[in-house]
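Q: Could you walk me through this structure, one part at a time? I'd like to see it first.

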Amino acid sequence: MKKNEEKLNVFLISDEWNDFNNQNRLIFWGVSDKGPVKIIYKNRPVFFIDRAIKALEIPFPNFRKEVDLKSFTLNPVDAIYFNTQNDLLRTVEYLDSNNICTYESDINPTRRFLMERGINAPSTIEGNSFIENGVLIFQNPKISPLLYSPKLSIASLDIETNASDNSLY
């Protein structure tokens, strides 16, 4: 498969995450002037915990790091990174059962990734790409926010109604 270095404006349409081979992956689908785009990132899911909690035994692989952040009570916090989102979620359950508070453990990893980079939907990606089944695929490209409106050709509308009286939600 031939890889090309590209810089491309992309409008992100959907996202998903999965844990595969003990690695969390983020997958974004978008549209560009060159057609459909799939962007795949390796990710380390994270939550935060009070720095004062030192003797912490987490039963899943993790990495603890001091960060320059504080809780709403102004206590310093540390970041706890995991290989998979599943390990993060199981750790949260374990810590909750031991009355240990976590911060931002409920944030979807794709939303966190975009939020931390200031990205809504329009973005610029730069990196190696290849084409597979008519889709331009990037793995771990640089991504940055952008003001961009693609030429969309299809729209989808989802209307939710109450089954008993047909009222709209």
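Q: Where does Ser123 lie?
A: Ser123 lies in strand 7, residues 122-132, where strands (E, at least two residues) and helices (H or I, at least four) are DSSP runs numbered from the N terminus. Please keep in mind that this is a predicted model, in which local features need pLDDT of at least 70 and side-chain atom pairs count only at pLDDT 80 or more, while totals for chains, interfaces and linings use all residues. Residues are numbered from 1 along each chain as its sequence is written, and side-chain values use heavy atoms, with hydrogens and water left out.

Q: Is Ser123 buried or exposed?
A: Ser123 counts as buried, because its relative accessibility is 0%; buried means under 20% relative accessible area, exposed means over 50%, and partly exposed is in between, using a 1.4 Å probe and protein chains only.

Q: And what is Ser123 in contact with?
A: Leaving aside its neighbours within four places in sequence, Ser123 is in contact with Leu8, Asn9, Val10, Leu12, Ile143, Ser144, Pro145 and Leu146, where contact means heavy atoms within 4.5 Å. Ser123 and Leu8 are 115 residues apart in sequence, and their C-alpha atoms are 8.4 Å apart in space.

Q: New topic: what is the order of the strands in the open sheet?
A: The open sheet of three strands has the order 4-6-5, with antiparallel pairing, and two strands pair if DSSP finds at least two bridges between them. Strand 4 (46-50) and strand 5 (62-70) stand at the edges with a single partner strand each, so one side of each has no neighbour in the sheet. From one strand to the next, the twist averages 35°.

Q: How many bridges join strand 5 to strand 6?
A: Six bridges join strand 5 to strand 6 (residues 76-82), and these two strands run antiparallel. Asn62 stands opposite Phe82 in strand 6.

Q: Which residue of the loop between strand 5 and strand 6 could we look at?
A: Ser71 lies in that loop, and Ser71 counts as buried because its relative accessibility is 7%. Apart from its neighbours within four places in sequence, Ser71 is in contact with Asp50, Val77 and Tyr103.

Q: How many salt bridges does the structure hold?
A: The structure holds eight salt bridges, a salt bridge being a side-chain nitrogen of Lys or Arg within 4 Å of a carboxyl oxygen of Asp or Glu. One of them joins Asp78 to Arg51, with the closest N and O atoms 2.6 Å apart. Asp78 lies in strand 6 and Arg51 in the loop between strand 4 and strand 5, so the pair ties together parts that are 27 residues apart in sequence. Asp78 and Arg51 are both buried.

Q: What about Arg64, which forms a salt bridge with Asp78?
A: In that salt bridge, the closest N and O atoms of Arg64 and Asp78 are 2.9 Å apart. Arg64 lies in strand 5 and Asp78 in strand 6, so this pair ties together parts that are 14 residues apart in sequence. Arg64 is partly exposed, with a relative accessible area of 26%, whereas Asp78 counts as buried at 3% relative accessibility.

Q: And which residues are linked with Glu104 in a network of salt bridges?
A: Glu104 is linked with Arg112, Glu116 and Arg117 in such a network. The side chains of Glu104 and Arg112 meet at 2.9 Å, N to O; Glu104 counts as partly exposed at 38% relative accessibility, and Arg112 counts as buried at 7%.

Definitions and conventions
Axes are lines fitted to C-alpha atoms, for helices over the stretch in contact, and angles run from 0 to 180 degrees between N-to-C directions.
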